[in-house]
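Look at the model below and keep its numbering at hand. The paragraphs that follow go through helix packing, domains and salt bridges.

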Amino acid sequence: MAPRLLQLFFSLCLLFLLRGPSASAKLTLDYYKTSCPRVHEIISDIVTTKQINSPTTAAGTLRLFFHDCFVSGCDASVLISTNHFNVAERDADINLSLPGDAFDVIIRSKTALELQCPGVVSCADILAIATRDLVSMLGGPFYPVRLGRKDSLASSAASVEPNLARPNASIDKIISLFASKGFTVREFVALSGAHTVGFSHCQEYSDRIFNFNKGGHLAFDPTMNPKFADALQKACANYLKDPTIATFNDIMTPGKFDNLYYQNLLKGLGLLATDQKMAADPRTAPFVRLYAANETAFFEDFSHAMQKLSHYGVKTGRKGEVRRRCDVFNNLSA
């Protein structure tokens, strides 16, 4: 090897050693093996009881997990409450519809864990485990969750909007957003399958079913099944007076995690504009068709994408903390 190549080789090795392993590489499956060995059992008991009593908890928690990870990494920053010093992520406009049951199941899990092993399990890890357990409860895949995340030391509402896509965003914008975080088009389509459960408020898709082309001859988005559009118009007739009116994302099996979401898109039964656009765009349509025909392929890709997402932007070591309460920084002035 030439001297110059040797010098370059040793320089790269030194740089790697100085930088050390990535934060995600520090996560392990048995992180709490000695410090809190019953962590999975405790969280499982809490989320099972909560889901039985409030069946929308699973979908809400899955959405909460996405909104947490995509903004500043999987660090429980979305759980922080606004205080006199700071307007937190959860009070950003796009997060105001995050369901209370999702926050509640994390708080209940944290309370139970603090009684068993105080100051040990982070809220970020609780959210990751609870999300996986709830997806599995609805019939979805059970995937491994590596642990060791620390909770964030910051949470700002201003950081939310640039990192989350609106329901009427273009496919170009969403693909670009996912790519900026290291996700492929295939992973984007797989993660969108989370919409197979849960519901959306009428205001999130009203522009598809009322006055679609602003005074033109189209009453609704022509990519929609006409009977579906008519039913939504009736369901959402009073949404301006009552913004809480919502409909299921998957009208066929709204409480089951399956691949019917993709089958619905191929029939013009997609609720959100961004979802329906995936069935038509040549970059995303092949994966929509794949998952519609093969639930096993969807589950495998969703599992891999969720594991990758759960490692995104994690904080370890001194870059975070283990909060005593999930909604408050340990240092209140943070």
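Which residues in α12 meet residues in α13? L290, Y291 and A293 in α12 meet E295, A297, F298 and D301 in α13, where contact means heavy atoms within 4.5 Å. The model is predicted: local features need pLDDT of at least 70, side-chain atom pairs count only at pLDDT 80 or more, and totals for chains, interfaces and linings use all residues. Residues are numbered from 1 along each chain as its sequence is written, and side-chain values use heavy atoms, with hydrogens and water left out.

Helices here are DSSP runs of H or I with at least four residues, numbered from the N terminus. Two packed helices are described by the angle between their axes and the distance between the axes. Axes are lines fitted to C-alpha atoms over the stretch in contact, and angles run from 0 to 180 degrees between N-to-C directions. Helix α12 (residues 285–293) packs against α13 at an angle of about 115°, the axes being 5 Å apart.

A second pair is α6 (residues 171–180) and α7 (residues 185–192), whose axes come within 9 Å and cross at roughly 105°. The two helices α6 and α7 are therefore roughly perpendicular to each other, a term for angles of 65 to 115 degrees. On the α6 side the contact is made by I171, I174, I175 and F178, and on the α7 side by V185, F188 and L191.

Turn now to the domains. An automatic or database assignment divides the protein into domain 1 (38–159) and domain 2 (171–309). Their centres, taken over C-alpha atoms, are 24 Å apart. Domain 1 gives 18 residues to the contact and domain 2 gives 20.

Last come the salt bridges, each a side-chain nitrogen of Lys or Arg within 4 Å of a carboxyl oxygen of Asp or Glu. The count comes to 17 salt bridges, with 0 across the interface of domain 1 and domain 2. K315 forms a salt bridge with D75, the closest N and O atoms being 2.8 Å apart. K315 lies in the segment after α13 (295–310) and D75 in the loop between α3 (57–72) and α4 (100–116), 240 residues apart.

Methods. Angles under 35 degrees count as roughly parallel, over 145 as roughly antiparallel, 65 to 115 as roughly perpendicular and the rest as oblique.
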